[in-house]
Amino acid sequence: MAVIFGLGVALVYGAADFLGGRTSRDNRPTAVIAVSQLTSLVLLVLLLLVDGSPVPGAGSLVLGAASGVTGLAGVVLLYRGLARGAMGVIAPITAVGAAVVPVGYGLVTGERPSGLSLVGIALALVAVVLIASAAPHEASPHDHRVDRREVGLATASGVAFGIALVLLAASGEGSGFWPLLAARSASAPIAVAALLLVGARIEIAPGSRLAVLATGFLDVTAIALYLLATRRGLISLVAVLGSLYPATTVLLARVVLGERLVRVQVVGLVLALAGVLLIAR
């Protein structure tokens, strides 16, 4: 079940990444982030009303809030990196960093995946690099070589995402979805405040509003699936499966936009499939 949920994270978050990338072309990216964060906050409130699980201890809520703030920092660092450098370098570094941190955490805390699973992890990480290195994101307006600062921003972004995932997984199985609400309750106001401080309006173009709302829905669904997956399996495996989300993004670009898959992406997709099969054994 953990493998299924982990793949669900990759499918759903990849779709969110696709929609977020598309809508950011017609809107201010920070406005897209703020609105999607607010959307997911409302959805989480509704989810908890339906779920009816009791409020957990303060420790779980603090971990959830810390996860939300750290994850938002990862988004900010990612956008700063994309504004300066090439997506083909920034994306794979960030995606791999987001997977490596939970894998390291899992191994340090005593998780022991099988030998085949470790081989699958290695293949999946290589697949992420190959797929994301040619992912269909909007290119930087500045065509120049990536310098150390840009690599540093991508690395810091990946580490922030990875830490956010670890914090969320550590919130405890008995806490239900409350850590997710704590995460969004902490990050959404910060995202809105940051947008207002620079004098920007929380405004989305009429043709993009439904897509932005869908982005928020998919985002919170992906995080919920990740939380469920880590409570049923090893975080070192779940994080790697979830990090395959660029595969969903490029496949959607192929189906929806008619973008061609380059050779390196095809190789990456084959390696991703092989890695998933080994992890699932």
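## A pair of helices to start with

Is the crossing in which α5 passes α11 left-handed or right-handed? Helix α5 passes α11 in a left-handed crossing. Keep in mind as you look around that this is a predicted model.

Helix α5 covers residues 115–132 and helix α11 covers residues 263–280; they pack at an angle of about 160°, and their axes are 7 Å apart. Angles over 145 degrees count as roughly antiparallel, so that makes α5 roughly antiparallel to α11. On the α5 side, the contact is made by Leu-116, Ser-117, Val-119, Gly-120, Ile-121, Leu-123, Val-126, Ala-127, Leu-130 and Ile-131. On the α11 side you'll find Val-264, Gln-265, Val-267, Gly-268, Leu-269, Leu-271, Ala-272, Ala-274, Gly-275, Leu-278 and Ile-279. Sort the residues of this contact by class and you get 16 nonpolar, five polar and no charged.

## Helix α2 and its partner α7

Next up is helix α2 (residues 29–51), which packs with helix α7 (residues 178–197) at an angle of about 150°, with the axes 9 Å apart. The two are therefore roughly antiparallel to each other. Their crossing is left-handed.

Who meets whom here? From α2 come Thr-30, Ala-31, Ala-34, Gln-37, Leu-38, Ser-40, Leu-41, Leu-44, Val-45 and Leu-48. From α7 come Trp-178, Leu-180, Leu-181, Arg-184, Ser-185, Ser-187, Ala-188, Ala-191, Val-192 and Leu-195. By class, the contact of α2 with α7 has 14 nonpolar residues, five polar ones and one charged.

## Helix α2 again, now with α8

Helix α2 also packs with α8, at an angle of about 55° and with the axes 8 Å apart. That makes α2 oblique to α8. As for handedness, α2 passes α8 in a right-handed crossing.

In this contact, Val-32, Val-35, Ser-36, Thr-39, Ser-40, Leu-43 and Leu-44 of α2 meet Val-212, Leu-213, Thr-215, Gly-216, Phe-217 and Val-220 of α8. These residues divide into eight nonpolar, five polar and no charged. Look out for Ser-40 and Leu-44: they are among the α2 residues that meet α8, and they are also among those that meet α7.

Pro-29 counts as partly exposed, at 28% relative accessibility. Leaving out residues up to four places away in sequence, Pro-29 touches Ser-24 and Tyr-79. Along the chain, Pro-29 and Ile-204 are 175 residues apart, yet their C-alpha atoms are separated by 10.0 Å.

## One aromatic pair

How many aromatic pairs does a search of the whole structure find? It finds one. The partners are Tyr-13 and Tyr-245, and the pair is edge-to-face: 4.9 Å centre to centre, with 85° between the planes. Tyr-13 lies in helix α1 (residues 2–23) and Tyr-245 in helix α10 (residues 245–256), so the pair ties together parts that are 232 residues apart in sequence.

Buried or exposed? Here the cut-off matters, because buried means under 20% relative accessible area. Tyr-245 has 19% and is buried, while Tyr-13 has 28% and counts as partly exposed.

## Two residues in helix α4

Helix α4 runs over residues 87–108, and Thr-94 is found in it. Thr-94 is buried, with a relative accessible area of 3%. Setting aside neighbours within four places in sequence, Thr-94 is in contact with Leu-78, Ala-154, Ser-157, Gly-158 and Phe-161.

Val-96 has its place in helix α4 too, and Val-96 is buried, with a relative accessible area of 18%. With neighbours within four places in sequence left aside, Val-96 is in contact with Leu-125, Val-128 and Val-129. Val-96 and Arg-231 are 135 residues apart along the chain, and 22 Å separates their C-alpha atoms.

## Thr-230 in helix α8

To finish, go back to helix α8 (residues 209–230), where Thr-230 has its place. Thr-230 is buried, with a relative accessible area of 14%. Not counting residues up to four places away in sequence, Thr-230 touches Ala-169, Ile-235 and Val-238. From Thr-230 to Ala-182, C-alpha to C-alpha, is 18 Å in space, and the two are 48 residues apart in sequence.

Conventions. Residues are numbered from 1 along each chain as its sequence is written. This is a predicted model: local features need pLDDT of at least 70, side-chain atom pairs count only at pLDDT 80 or more; totals for chains, interfaces and linings use all residues. Side-chain values use heavy atoms; hydrogens and water are left out. Rings of Phe, Tyr and Trp (its six-membered ring) pair if their centres lie within 6.5 Å; planes under 30 degrees apart count as stacked, over 60 as edge-to-face and the rest as tilted. Helices (H or I, at least four residues) and strands (E, at least two) are DSSP runs, numbered from the N terminus. Buried means under 20% relative accessible area, exposed over 50%, partly exposed in between (1.4 Å probe, protein chains only). Axes are lines fitted to C-alpha atoms, for helices over the stretch in contact, and angles run from 0 to 180 degrees between N-to-C directions. Angles under 35 degrees count as roughly parallel, over 145 as roughly antiparallel, 65 to 115 as roughly perpendicular and the rest as oblique. A crossing is left-handed if the near helix is turned anticlockwise from the far one by less than a right angle, and right-handed if clockwise. Contact means heavy atoms within 4.5 Å. Ala, Val, Leu, Ile, Met, Phe, Trp, Tyr, Cys and Pro count as nonpolar, Asp, Glu, Lys and Arg as charged, and the others, Gly among them, as polar.
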